[in-house]
Amino acid sequence: MSKSGVTVSPECISKFNELKLGKSIKYIIYKLSDDYKEIVVEETSTDAEWENFQNKIMNAKASYKGKEGKGPRYAVYDFQYELEGGEGTRNKIVFISWSPDEGTLVYPRMTYASSKEALKNALNGLGAEVQANNEDEIEYSTILKDISRGKR
């Protein structure tokens, strides 16, 4: 359980293990349930196109007390990249916390922030973490640069 009292759905862990062990899932997008009590799987995909993933996460919505805004999300992405100098291909399972600076309602943003560690702690085997608050921080090239240097 997180500081906010939010729990992690068992499906979050089972889908993560499918991604990690089976390699058939490319990414998982997680969200808070409509009552903000549990982290649940919103979507899994085998689509390897970064732009499709990026668009889904950036266009997520959240509502609270009849208002709607941009939606924070968590995601796990099986990031594959080439090493410099032709040394081969690497994969890193990257945990992404997306919480846009602009257009996000306060309650969802704060609940996501205080619940992140509960999900991260439940997912054993993460290779890197990315906190993204604007579009530049969730660009493929930005994440590639950081994870290939071991910064995140």
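The largest pocket of this predicted model holds about 180 Å³ of space. Here a pocket is an open set of points on a 1 Å grid over the protein atoms alone, with protein on both sides within 12 Å along at least five of seven lines; grid points are joined across faces, edges and corners, and the volume is the space filled by probe spheres set on the points. Residues with an atom within 4 Å of a point count as lining, and among them are Met58, Lys61, Lys70, Trp98, Asp101 and Asn134. By class, the lining has 4 nonpolar, 3 polar and 5 charged residues, where Ala, Val, Leu, Ile, Met, Phe, Trp, Tyr, Cys and Pro are nonpolar, Asp, Glu, Lys and Arg are charged, and the others, Gly among them, are polar.

A word on conventions: because the model is predicted, local features need pLDDT of at least 70 and side-chain atom pairs pLDDT 80 or more, while totals for chains, interfaces and linings use all residues. Residues are numbered from 1 along each chain as its sequence is written, and side-chain values use heavy atoms, without hydrogens and water.

Now to the fold. The chain has 4 helices and 8 strands, taken as DSSP runs numbered from the N terminus (helices H or I, at least four residues; strands E, at least two). β8 runs parallel to β7 (residues 89-98) over 5 bridges, and Ile96 has Val130 as its bridge partner in β8.

Next comes a hairpin. β4 (residues 61-64) and β5 (residues 67-70) pair in the antiparallel sense over 4 bridges, and Gly69 in β5 is the bridge partner of Ala62. There are 2 residues between these strands, and Lys65 in the turn has a positive phi of about 50 degrees.

Finally, the overall dimensions. The C-alpha trace spans about 55 × 30 × 25 Å along its principal axes. The radius of gyration is 15 Å, which agrees with the value near 15 Å for a compact globule of 152 residues; it is taken over C-alpha atoms, and the globule rule is 2.2 Å times the number of residues to the power 0.38.

Terms used: Pairing = 2+ DSSP bridges. 1 Å grid on protein atoms, 1.4 Å probe; cavity = no way out; pocket = protein on both sides within 12 Å on 5 of 7 lines; lining within 4 Å.
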